Amino acid sequence: MIYPVAIRPDIMIIARDLVKDYGTFRALDGVSFDLGEGEILGVVGHNGAGKTTLLKILSGLSLPTSGALSIAGTDVLRHPGALKQTLGYLPEESRLYETMRVADYLSFFGEIYALSGDEIRRRSADLLASLSLDAGEKRIGELSKGMRRKVAIARSLLHDPRFLVYDEPASGLDPMTGRFIGDYLRQLRSEGRTIVLSAHNLYQIEEICDRVMILRRGRIEAFGTMQGLRERFGSLTYEIYFSISDPGNLDPSLAYSRAEGIYMASADDVAGMNEVTAAVAAGGGTVERIESKYPSLEEMLVAVGK
Ligand SMILES: Nc1ncnc2c1ncn2[C@@H]1O[C@H](COP(=O)(O)OP(=O)(O)OP(=O)(O)O)[C@@H](O)[C@H]1O
């Protein structure tokens, strides 16, 4: 069933009850969310959770079995072609044309977007400079993995789209290149673009995304800002670091670890923290510092389970 969605200019994506069936298998099972213009949404989940399926629907490459979807004010399911100028899509595996030179490759796609020869040359030069990519006359097959990813990103931006869907933009890249791409995505957001990306690098998602969606078996398990998710997954834990000359004096029920000459015991709440500090004092030890720790996105995913 397709039903109408409201149109709001400050909202880039309005998704309602998206369902995707592959035969009898339900890959997406009632996904609903809104995303504001100029935000970065990170979609995370275990393998097979439905990330690529959702990204393909958001980019108009795959139709949902049912549900409603508005992007940039367009009812995408009724007018899938309308996304062409608005959207830049980066697939998980970009099939690049191995024997083409970078300039020819970008020209080829610029023509698909009906850009003039001048526009293609200007946009390509600007994009390659902003991506710090100087491929010279090399053919795509001769480029490193990081360079190829940058070429694919340049291709996705040629027609200056407002909305970007990037499937695993930095996967398999070395840390320096991964960081460069993270910073580049932030720059694209500062230009007002809206980005939906999936990544297995959860640290990067935590760093750059305004909102995070945790998918599990085709359903949204959690959606919100990192701060909101931390509150939802709640448990702020405490790490109590202490020194002690003879740990044998500690109450045997106190669990602790030792690293680099300092001891550490953790507690799930303030009462537990007080118990630990009392036990350390009773054993003749000294509390050096206490750190509070929110769960990381990785810990949240582990808690959610497969
Ligand atoms: N064309 C298809 N035909 C049948 N099943 C499919 C098809 N595409 C995806 N699936 C199934 O749908 C589920 C979700 O797949 P999807 O690729 O969206 O997951 P994902 O979260 O992107 O996984 P990964 O992290 O491994 O890339 C999986 O169980 C997958 O096997």
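Me: Which exposed residues sit on the face of H8 turned away from its buried side?
Reply: This is a predicted model. In it, that face of H8 carries Ala 271, Ala 278, Ala 281 and Ala 282.

Me: And which residues of H8 are buried?
Reply: Met 273, Val 276 and Val 280. They lie on the same side of H8, because they cover an arc of only 60 degrees around the axis.

Me: Why would residues three or four places apart point the same way?
Reply: An α-helix has 3.6 residues a turn, so residues with that spacing point the same way.

Me: What covers the buried residues of H8?
Reply: The cover includes three strands: S11 (237–243), S13 (262–267) and S14 (286–293).

Me: How many residues does H8 have?
Reply: H8 runs over residues 270–282 and has 13 residues. From first C-alpha to last it reaches 18 Å, close to the 18 Å expected. Just after H8, Gly 284 takes a positive phi of about 85 degrees.

Me: New topic. Which residues are around the ligand?
Reply: Among them are Tyr 22, Phe 25, Asn 47, Lys 51 and Thr 52. Strand S2 (25–36) and helix H1 (51–58) each give two or more residues to that shell. H1 gives the largest share, three residues.

Me: How does the shell divide into nonpolar, polar and charged?
Reply: Four are nonpolar, six polar and one charged.

Me: S2 again. What is the strand order in its open sheet?
Reply: The order is S2-S1-S4-S5, with antiparallel pairing. S2 and S5 are the edge strands.

Me: What joins S4 to S5?
Reply: Two bridges. Ile 71 stands opposite Thr 74 in S5.

Technical notes:
Residues numbered from 1 in each chain as written. Predicted model: local features only at pLDDT ≥ 70, side-chain atom pairs only at ≥ 80, totals over all residues. Near = placed C-beta within 6 Å. Helix = DSSP H or I, 4+ residues; strand = E, 2+ residues; numbered from the N terminus. Nonpolar A, V, L, I, M, F, W, Y, C, P; charged D, E, K, R; others polar. Pairing = 2+ DSSP bridges. Expected span 1.5 Å × (residues − 1). Buried ≥ 20, exposed ≤ 12 C-beta atoms within 10 Å, placed from the backbone. Arc of directions from axis to C-beta. Contact = placed C-beta atoms within 7 Å.
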